[in-house]
Amino acid sequence: KATGWSVITKTEHEAYKLVVDMTSKKIIDEKEKEYKELSANVEEAMRLAREEEERELLLEKERVAAVLRAHEELHPPETATCPICLEDFKVLSYDPTFVRFFSCCGNLACECGSGKCGSKCPLCRANLPDSDAQHLIQTRKQAEKGNRNAQRNLAGFYLNGQMGVRVNMQEYIKWLKRAAEQKDAIAMHSLSQDYFHGTGLDKSEERAYALLEESSDLGNPHSQKELARKYYQSGDNTKAVHYATLAVAGHETGLAELVLGTSFWSGPGVPKSLYRAKHYLELAVRQGEDGFRGYYPLGSVLLELYAKDEAHDDILPKALFWLRKSTGFADAFIDGGDTPARKCIKMIEDILMKRCHYCCKEANQKVALKNCAKCKSAWYCSKECQVSHWKAGHKSDCIKHDAPVEAVISRLM
């Protein structure tokens, strides 16, 4: 066929078509090979990141155990022998299903079966109280004998108006002080809070912190958390981390986890560890108490992991989610809050909106990138790239940008 430039025979045309097909196939094969190699590298990097995070968390578990062990060697926890099963147990417990107080005889027992004792005390065989009035009479009798558990319980009755008594702050303070004088850690902590707030007595921070120190030495995680707060806010990170670690070892959540998370992120007090910071901050934001103060640090930690390619998934949507949630909370736990978060979000969005999140094609006058309407953390040059990225993993990483925190916490953790 004459083209004006040359004459191509049928055979030459077929040969030409064959070369084009072979060249196209080679290009496709090379691209697929390149993609497979890239995917393999990404998967290997993700595997290494997962292993590194697991190793860091294992080391942190060992660190917490070592701190608790050293504390208990210096301040041995009070133990008692259960009169039913003869097993030793820690007296200081906030779980009422683990330690039970019998007001009839003033004894303690562990969870070995004391809750299944019927109508009689398994220790003294007296009838268990079947009314508030009987429970009050027995508790008062043991309190007057000097039983500190009974004294603390009786103080609680007067504070809350329980067991048929009216609220009486004088009686509350009287019995609480008697229990605290006998080194009852729970009573000492409660009394410290009363000194802080002036509940039933004159305010005294000095006396409050002295009680917290004593209660903490006895192993009270609530007191350890309050001391962590005090030292963190005063800038003594070493002591703040110490008491926060003890509180976490005692299963105290919230602020203790927040102190450790921000400390591992920005220090000082402990060596920097983004994985440990992420671990504690993800726990902290789940708590109602001070949980919002962890939004900005958590978003920053996730962003830093993303920037250093140390994440084992696409955590950018998560990072932006927490940074966006932190806006509006100018009262940040550490330096940060509303203004830094907004600046950080704008900087990230300005960078992301210039390149397709999937094929990396740059935006220009001919190519206008479109934002993921759900997470607003990814931009695409085409619908095909968005669909491909969704199938490649964005489906599991995408988080609705304006979702309530409660609705996404269980998914993020």
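R276 and E60 form a salt bridge, a term used when a side-chain nitrogen of Lys or Arg lies within 4 Å of a carboxyl oxygen of Asp or Glu, and in this pair the closest N and O atoms are 3.0 Å apart. Because R276 belongs to helix α10 (residues 274–284) and E60 to helix α1 (residues 10–74), the bridge ties together parts that are 216 residues apart in sequence; helices here are DSSP runs of H or I with at least four residues, numbered from the N terminus. Both R276 and E60 are buried, where buried means under 20% relative accessible area, exposed means over 50%, and partly exposed lies in between (1.4 Å probe, protein chains only).

The model is predicted, so local features need pLDDT of at least 70 and side-chain atom pairs count only at pLDDT 80 or more, while totals for chains, interfaces and linings use all residues. Residues are numbered from 1 along each chain as its sequence is written, and side-chain values use heavy atoms, with hydrogens and water left out.

The bridge between R276 and E60 also belongs to a network of salt bridges that links E52, R55, E56, E60, R63 and R276. Within this group, the side chains of R55 and E56 meet in a salt bridge at 3.5 Å, N to O; R55 is partly exposed at 43% relative accessibility, whereas E56 is buried at 11%.

Another salt bridge joins the side chains of K272 and E304 at 2.7 Å, N to O. This pair links distant parts of the chain, 32 residues apart, with K272 in the loop between α9 (255–266) and α10 and E304 in helix α11 (residues 295–307). K272 is partly exposed, at 49% relative accessibility. In total, the structure holds 19 salt bridges.

Terms used. Helices (H or I, at least four residues) and strands (E, at least two) are DSSP runs, numbered from the N terminus.
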